[in-house]
Amino acid sequence: MRDPVSWMREDYEKLVEQNFDWKIRELQGPSTPRAKVDGKDVIMLCSNNYLNLSNHERLKEAALKAIKSHGVGSGSVRAIAGTMDLHLELERRLAKFKGAEAALTYSAGFTCNEGLIPQLVDKGDAIVSDELNHGSIIDGVRLTKATRFVYRHNDMDDLERVLEEAEKENPGKILIITDGVFSMDGDIAPLDQIVKKGKKHGAMIYVDDAHGEAVLGKGGRGIVSHFELTHNDVHFEMGTFSKAFGVMGGHVSGSEDMVKYALNKSRSWLLSASHPPATAAACIAAIDVLETEPEHVKRLWDNREYFVKGLKQMGYDTGNSQTPIVPAMTGESSKAVELSNGLMDEGILALPIVFPMVARDKARIRNMLNSGLTKEHLDTSLEAYERIGKKLGII
Ligand code: PMP
């Protein structure tokens with residue numbers, strides 16, 4: 001008799017043959033700039049925990065306190081019986097931090113994109129998306145009945161071309177969607193120009209600022225603040241608490257109308273349980289920290305500048321990086337894998353990004369800088385980059 005699920009093993013084996021399977025590493029303790037991974041002490045250069053807040057005492061204490069006062073689970077989805085005072089306080093605090101009228105939290109950034117985007121456009125509408133947008137946006141876009149248009153990455157002439165086409169073909173609404181900071185290259189979307197184009201064509205603007213918030217803008221207020229825009233310009237400022245905020249959870253900020261609409265329509269909000277109280281409390285504490293301890297964002301940027309300068313001086317190409325996401329380009333995939341393995345041998349965890357995640361000739365190591373890295377960590381990492389890069393003929 002045929003095994004009805006043997007296809008999974010066969011497919012998986014194909015992935016292994018092509019070296020496309022994920023080799024999952026085990027973090028044996030907290031995600032800190034120096035961490036224990038697979039039994040080895042490493043300098044962490046690939047965590048999204050940009051401000052090292054996931055181990056900040058104020059966040060940990062807030063989480064523990066919330067467990068004592070509210071328990072470990074919320075008991076329901078937000079709409080039924082799962083909205084606690086902590087969830088509402090977090091939304092009020094986030095809206096204030098972002099300078100928006102209102103904010104709504106989701107279980108994750110992924111579920112925000114997947115649940116909200118399909119509710120914003122329908123048949124007869126157009127959705128206009130940057131070609132390098134995150135997979136969660138792509139999945140959200142796939143769930144819409146709107147006509148899809150893709151423009152070349154950060155190319156404003158191409159955006160104009162696509163908008164004209166969209167307007168001609170579609171009588172309905174237009175939604176422009178972009179990542180704020182692109183996660184493979186660390187470059188920033190020209191949101192000010194996108195807003196101008198949007199206004200010309202009467203389009204709504206949605207930005208996914210997962211890698212820009214708590215990093216860009218005044219005190220880490222994100223990309224809308226970075227470009228000195230408002231939520232009249234950018235209608236949906238989406239983000240996540242899972243990166244620089246150091247915790248977990250998606251969110252969107254904008255007008256009160258938007259929030260009322262979004263919570264009544266997004267299936268991922270209506271049909272999935274709310275955060276445990278400890279998560280909401282830790283997110284509130286992260287906002288407290290951002291509002292009162294500006295040194296974290298400053299140290300992150302100092303570390304970023306130091307590291308980029310070091311890599312460039314020894315001859316590395318850091319691509320289009322403008323943020324704490326810093327690629328070290330290697331070209332060929334095999335070189336990226338060898339460089340990453342060489343770094344790991346020297347106690348530095350920095351992962352290769354290879355085809356199909358990026359084009360075949362654009363393989364790289366993606367470094368994610370962190371405010372908690374010391375100068376010694378950075379120097380040790382740079383020395384290893386120089387030694388191994390020379391050995392492999394990359395620099
Ligand atoms: N958008 C972007 C641009 C991201 O990089 C990510 C995380 N990889 C997400 C959304 C999803 O966020 P979360 O981890 O909160 O689901």
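Trainee: What should I know about the model before we start?
Mentor: It is a predicted model, in which local features need pLDDT of at least 70 and side-chain atom pairs count only at pLDDT 80 or more, while totals for chains, interfaces and linings use all residues. Residues are numbered from 1 along each chain as its sequence is written, and side-chain values use heavy atoms, with hydrogens and water left out.

Trainee: How many disulfides does a search of the whole structure find?
Mentor: The search finds 0 disulfides, a disulfide being a pair of cysteine sulfur atoms within 2.5 Å. Cysteine 112 is in no disulfide, and the nearest cysteine sulfur, that of cysteine 283, is 14 Å away.

Trainee: And is cysteine 112 buried or exposed?
Mentor: Cysteine 112 counts as buried because its relative accessibility is 0%, where buried means under 20% relative accessible area, exposed over 50% and partly exposed in between, with a 1.4 Å probe and protein chains only. Cysteine 283 is also buried, with a relative accessible area of 0%.

Trainee: Switching to the ligand, which residues surround it?
Mentor: Among them are Phe110, His134, Asp179 and Thr240, and the shell divides into 3 nonpolar, 6 polar and 3 charged residues.

Trainee: Which atom of glycine 109 is 2.8 Å from an oxygen atom of the ligand?
Mentor: That is a polar backbone atom of glycine 109, whereas serine 242 has a polar side-chain atom 3.1 Å from a ligand oxygen atom. Lysine 243 places a polar side-chain atom 3.1 Å from a nitrogen atom of the ligand.

Notes:
A residue is near a molecule or strand if one of its heavy atoms lies within 4 Å of it. A polar contact is a pair of N or O atoms within 3.5 Å; within protein, one must be able to donate a hydrogen and the other to accept it, and residues adjacent in sequence count only if both atoms are side-chain atoms. Ala, Val, Leu, Ile, Met, Phe, Trp, Tyr, Cys and Pro count as nonpolar, Asp, Glu, Lys and Arg as charged, and the others, Gly among them, as polar.
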